[in-house]
Amino acid sequence: MKFFIDTANLEEIKEAHALGVLDGVTTNPSLMAKIGVKGTKAVNAHYKAICEITDGDVSAEVLSTNYEDMIKEGEVLAAIDPKIVVKVPMIEDGVKAIKYFSSKGIDTNCTLIFSAGQALLAAKAGATYVSPFIGRLDDVSTDGLQLVEDIVDIFENYGFGTQVLAASVRHPMHILDCAKLGADVATCPLSVIKSLLNHPLTDKGLAQFVADAKKMEE
Ligand code: E4P
């Protein structure tokens, strides 16, 4: 299972990379706005800076919602770095854009997936990744993990090469459940990745080892 970090914050990306477990980065307009980056030139420079930290794929989302503009924007984004994956919303023009990008060999991540039917459509159009938003589904009393399971099953049935990228991940159990279900990727905030480190028995055991190690000193 690949771990992507879900942030546009360069310090967090560096920290996750330094941990040695980072396989890529996802961003979205809200995450970019949160760090205060503005204007096409600065935004594109920021994506380049992210690509220089990670060895893996970097999702950069188009801001337009019509086919022609998504194509123009996506081609500019893809030219920034070979690691860029053009993130496209699950709308009718988005599906057409994914088909176009796929025919040009440009990788895509179809975002805002909330049903298995949407994932199937994106896979048929040739998406590299589909992003089911599991936390946002849980927020409205709908089982986000069931959606991941359904998409994994459907893609396996037909041998789609599209990868299932679990997004809107809120806590460590989301990661573990997605891993059990066979999701290809989980994209998570740094705090959620780091929460996998923690167990009170590890802390207790280490404290004992450190205390006993002192007894071994001459
Ligand atoms: C990533 O690709 C998604 O945009 C992100 O995971 C959404 O997360 P949120 O629901 O916490 O905003």
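This is a predicted model: local features need pLDDT of at least 70, side-chain atom pairs count only at pLDDT 80 or more; totals for chains, interfaces and linings use all residues.
The axes of helix H6 (residues 116-125) and helix H8 (residues 144-158) come within 9 Å and cross at roughly 35°. Here axes are lines fitted to C-alpha atoms, for helices over the stretch in contact, and angles run from 0 to 180 degrees between N-to-C directions. Residue numbers start from 1 along each chain as its sequence is written.

**The helix pair**

The crossing of H6 and H8 is right-handed, a word used when the near helix is turned clockwise from the far one by less than a right angle. On the H6 side, Ala116, Ala119, Leu120 and Ala123 take part, and they meet Leu147, Asp150, Ile151, Ile154 and Phe155 of H8. Two residues are in contact if their C-beta atoms, placed from the backbone, lie within 7 Å. Sorted by class, the contact of H6 with H8 has eight nonpolar residues, no polar ones and one charged. In this sorting Ala, Val, Leu, Ile, Met, Phe, Trp, Tyr, Cys and Pro are nonpolar, Asp, Glu, Lys and Arg are charged, and the others, Gly among them, are polar.

**The whole chain**

Stepping back, the protein chain has 11 helices and eight strands. These are DSSP runs numbered from the N terminus, with helices (H or I) of at least four residues and strands (E) of at least two. The C-alpha atoms fill a box of roughly 75 × 40 × 30 Å, taken along the principal axes. Of the 218 residues, 38% count as buried; a residue is buried if 20 or more other C-beta atoms lie within 10 Å of its own, exposed if 12 or fewer, and partly exposed in between, with C-beta atoms placed from the backbone. Among contacts between residues at least 6 apart in sequence, 54% join residues at least 24 apart.

**The barrel**

The eight strands close into a barrel in the order S1-S2-S3-S4-S5-S6-S7-S8, with parallel pairing. Neighbouring strands of this sheet are turned by 30° against each other on average, direction ignored. Two strands pair if DSSP finds at least two bridges between them.

| S2 (residues 24-26) and S3 (residues 57-61) | three | Thr26 with Ser59 |

S5 is mostly covered, as five of its six residues are buried. In general, the side chains of a regular strand alternate between the two faces of the sheet. Strand S6 (residues 129-132) is covered on both faces: Tyr129 and Ser131 on one side, and Val130 and Pro132 on the other, are all buried.

Helix H3 (residues 40-53) lies across S2, S3 and strand S4 (84-89), running at about 165° to S3. Helix H4 (residues 67-80) lies across S3 and S4, at about 160° to S4. Ala79 is placed in H4, and it counts as exposed because it has 11 C-beta neighbours inside 10 Å.

**Around the ligand**

Which residues surround the ligand? They are Asp6, Thr26, Asn28, Thr111, Ser131, Phe133, Gly135, Arg136, Ala167, Ser168 and Thr187. A residue is near a molecule if its C-beta atom, placed from the backbone, lies within 6 Å of it. This shell divides into two nonpolar, seven polar and two charged residues.

Asp6 lies in strand S1 (residues 2-6) and counts as buried because it has 22 C-beta neighbours inside 10 Å. Leaving aside neighbours within four places in sequence, Asp6 is in contact with Thr26, Ala167, Thr187, Cys188 and Pro189.

**Two serines with positive phi**

Most residues other than glycine have a negative phi. Ser168, however, has a phi near 55°. Ser168 sits in the loop between strand S7 (163-166) and helix H9 (172-181). Is Ser168 buried or exposed? Ser168 is buried, because 21 other C-beta atoms lie within 10 Å.

Ser141 has a positive phi too, near 60°. Ser141 belongs to the loop between helix H7 (134-139) and H8, and Ser141 counts as exposed because it has 6 C-beta neighbours inside 10 Å.
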